[in-house]
Amino acid sequence: MSITLASPAARVLYRPEEAAAALGIGRSLVYEEIRLGRLQTVRIGRRRLVPPEYIAQYVDLLKREAEAAA
């Protein structure tokens, strides 16, 4: 039985700084959105990490808000 690890391109969890870079926003805005509950995270010990699907959900939220404001 062999274990296959995900390549670095196929990350499963992002640090908030990496999520900020992926979204093209600042680190402090990511932490603010996490605090407001708009960007979900998972916790491992004291670390907060952002799965890619939560980044996608956040982008969908932003799209819905933009459509509602138009």
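I began with arginine 38, which is partly exposed at a relative accessible area of 27%. My cut-offs: buried is under 20% relative accessible area, exposed is over 50%, and partly exposed lies in between (1.4 Å probe, protein chains only). The accessible areas come from the Shrake-Rupley method with a 1.4 Å probe, and for residues only the protein chains shown count as cover.

The model is predicted: local features need pLDDT of at least 70, side-chain atom pairs count only at pLDDT 80 or more, and totals for chains, interfaces and linings use all residues. I number residues from 1 along each chain as its sequence is written, and side-chain values use heavy atoms, with hydrogens and water left out.

**Entry 1: overall layout**

I noted three helices and two strands in the protein chain. Their order along the sequence is α-α-β-β-α. Helices (H or I, at least four residues) and strands (E, at least two) are DSSP runs, numbered from the N terminus. Of the 70 residues, 21% count as buried. The accessible surface comes to about 5300 Å², and carbon and sulfur atoms hold 56% of that surface. I also checked contacts, meaning heavy atoms within 4.5 Å. Among contacts with a separation of 6 or more, 44% join residues 24 or more positions apart.

**Entry 2: salt bridges**

I searched the whole structure and got seven salt bridges. The criterion is a side-chain nitrogen of Lys or Arg within 4 Å of a carboxyl oxygen of Asp or Glu.

Which residue does arginine 38 pair with? Its side chain meets that of glutamate 33 in a salt bridge, 2.6 Å from N to O. Glutamate 33 is buried, at 7% relative accessible area.

I then turned to glutamate 32. It forms a salt bridge with arginine 35, the closest N and O atoms being 2.8 Å apart. Both residues lie in helix 2 (residues 27-36), three residues apart, or about one turn of the helix. An α-helix has 3.6 residues a turn, so residues three or four places apart point the same way. Glutamate 32 is partly exposed at 31%. Arginine 35 is exposed at 61%.

Glutamate 17 bridges to arginine 15, with closest N and O atoms 3.9 Å apart. Glutamate 17 is partly exposed at 31% relative accessibility. Arginine 15 is partly exposed too, at 38%.

**Entry 3: the largest core**

Which residues make up the largest nonpolar core? I listed ten: Tyr14, Ala19, Ala20, Val30, Ile34, Leu39, Val50, Ile55, Tyr58 and Leu61. Helix 1 (16-23), helix 2 and helix 3 (52-69) each supply at least two residues of this core. Helix 3 gives the largest share, three residues. A nonpolar core here is a set of buried Ala, Val, Leu, Ile, Met, Phe, Trp, Tyr and Cys residues joined through side-chain atoms within 4.5 Å.

Valine 30 lies in helix 2. It is buried, with a relative accessible area of 0%. Setting aside neighbours within four places in sequence, valine 30 contacts Pro16, Ala20, Ile25 and Leu39. The C-alpha atoms of valine 30 and alanine 19 are 7.6 Å apart, and the two residues are eleven apart along the chain.

Leucine 39 was next. Not counting residues up to four places away in sequence, leucine 39 touches Val30, Glu33, Ile34, Val50, Tyr54, Ile55 and Tyr58.

**Entry 4: helix 1**

Which residues of helix 1 are buried? They are Pro16, Ala19 and Ala20. The buried residues pack against helix 2, strand 2 (47-49) and helix 3. Just after helix 1, glycine 24 takes a positive phi of about 75°.

**Entry 5: threonine 41**

Threonine 41 sits in the loop between helix 2 and strand 1 (42-44). Its side chain makes a polar contact with the side chain of arginine 48, at 2.8 Å. A polar contact is a pair of N or O atoms within 3.5 Å; within protein, one must be able to donate a hydrogen and the other to accept it, and residues adjacent in sequence count only if both atoms are side-chain atoms. Beyond four places in sequence, threonine 41 touches Ile34, Arg48, Leu49, Val50 and Tyr54.
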